[in-house]
Amino acid sequence: MTRFGHVMEKIDERIPGVDLPLMSVSQTRGVIRRSELTDAPQRAESLDNYKVCRANDIVFNKMSIRSGAMGVAAEDGLVTYHYEVMRPREGADPHFIAYLMKSSWFTKELIKRERGIGAGDQANVRTTEVPFSVLKTIDAYIPDHAEQRAISDYLDRETARIDTLIEEQQRLIEMLRARRQDLIRDAVLGAINPFSPPPDVAFTAIGYHFSVTLGKMLDGSKEARAGDLMLPYIRAGNIQDSGLRLSDLNQMPYSATEAASLNLLKGDLLVVEGGAVGTNVLIDRDMPGFSFQKTVNRLRPLNNWSSSWLGYVLRAYRDVGVIDIVCNKSTIPHLTAEKLRAMRIPLVQPQEQRRVATMLDQETVKIDRLITESDRFVELARERRSALITAAVTGQIDVRAAA
């Protein structure tokens, strides 16, 4: 076992006026030119205080090291103060060290040390810096240079194969999601252009057929009143295209009157008011003891119109950009109750609404099943990738025999 600080040294080189490309660190692509990730202009007017990284230096983001935001620089460049720059000492292979730092073994060693600086819990992973002064105290298995090179070459080959499979599945997922959007849009809008509807197609306001109610504002500074009920509430983050996520509900006090007026019944449509505006979910059963918060609108049928069909219309409107315009996306988007009531949708007979909604329910569930299977494949492939890296860098695999 070798102390990490014996094989790597921290570099803090700054050269005012130097002409080098600005670099960024990607979890999937490592250290690359910032221009390959974004067209946005750099924030700082001057790069004089930026750190210099050289080819074969290791660069990592102090704020997200545990998520794998690190890599080996292929060229000289400049990085911001958020990044640490390390240089291999004699006998250390930078590619092996990068794999070592991405291993679950290394992450466990970080967690042990993070507790000492107040970041042992998962909630703080993204907000706690892990400086080189912490890394250098880790005792790690560092084989001789030839074996380091053999391990990194082996992992380059094997992880590339896994990454190719993951990319293929991710492309499939995107195709399936696009297919789902097209299916919904064609079923509820057909050839109608909602931005410029033809004069022979009738439209109607949502408020004529559905009551629209905004949920209760969350005010943590107010104490519960005598007689208030502590109820779990649905917020925007619980509403997703895949359905209603109830794994992380919060509670707040409701008076008896509020609980009665802000209840949830089968057939209600919950629509995100702020955040992923327009995303919605159909309540398929009565939910006694539940309510909803101000980031959510509840739409309840006033007649025999289909909530399920309306949900598909709103998804189509969201995907083609109608809701962005309604919400004035140049500011913080809010799909208020007033905007929802006034929003105009195609005038379709309830019987046809139910037919279309039933068809879409049947077809989209097939697509959703394929998306779930592909997501699971990607998850397992990533687990396999992580396990392979850990086994190789900790000497559990004889890479020469595996080759």
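Predicted model: local features only at pLDDT ≥ 70, side-chain atom pairs only at ≥ 80, totals over all residues.

Mentor: Residues are numbered from 1 along each chain as its sequence is written, and side-chain values use heavy atoms, with hydrogens and water left out.

The largest pocket has a volume of about 1000 Å³, a volume being the space filled by probe spheres set on grid points that are joined across faces, edges and corners. On a 1 Å grid over the protein atoms alone, a pocket is an open set of points where a 1.4 Å probe fits, with protein on both sides within 12 Å along at least five of seven lines, and lining residues have an atom within 4 Å of a point. Of the 32 residues that line the largest pocket, Q27, T28, K102, D163 and R385 are the closest to its centre. By class, the lining holds 12 nonpolar, 11 polar and 9 charged residues, where Ala, Val, Leu, Ile, Met, Phe, Trp, Tyr, Cys and Pro count as nonpolar, Asp, Glu, Lys and Arg as charged, and the others, Gly among them, as polar. Two or more residues of the lining come from each of β4 (30-33), β7 (70-72), α2, α5 and α10 (350-393).

Two of these elements, helix α2 (residues 94-102) and helix α5 (residues 145-188), pack at an angle of about 60° with their axes 8 Å apart; axes are lines fitted to C-alpha atoms, for helices over the stretch in contact, and angles run from 0 to 180 degrees between N-to-C directions. α2 passes α5 in a left-handed crossing, which is to say that the near helix is turned anticlockwise from the far one by less than a right angle. From α2, H95, F96 and Y99 meet Q148, R149, I151, S152, L155, D156 and T159 of α5, contact meaning heavy atoms within 4.5 Å. This contact of α2 with α5 has 4 nonpolar, 4 polar and 2 charged residues.

Next come the strands of the lining. β7 belongs to an open sheet of 4 strands in the order β2-β9-β6-β7, with antiparallel pairing, and two strands pair if DSSP finds at least two bridges between them. β2 (8-11) and β7 stand at the edges with a single partner strand each, so one side of each has no neighbour in the sheet. From one strand to the next, the twist averages 25°. β2 and strand β9 (residues 83-88) run antiparallel and are joined by 4 bridges, and K10 has M86 in β9 as its bridge partner. α2 packs on this sheet, touching β2, β6 (58-61), β7 and β9, and its direction makes about 170° with that of β7.

β4, for its part, pairs with strand β3 (residues 23-26) in the antiparallel sense over 4 bridges, with V25 opposite V31 in β4. A hairpin joins β3 to β4 through 3 residues.
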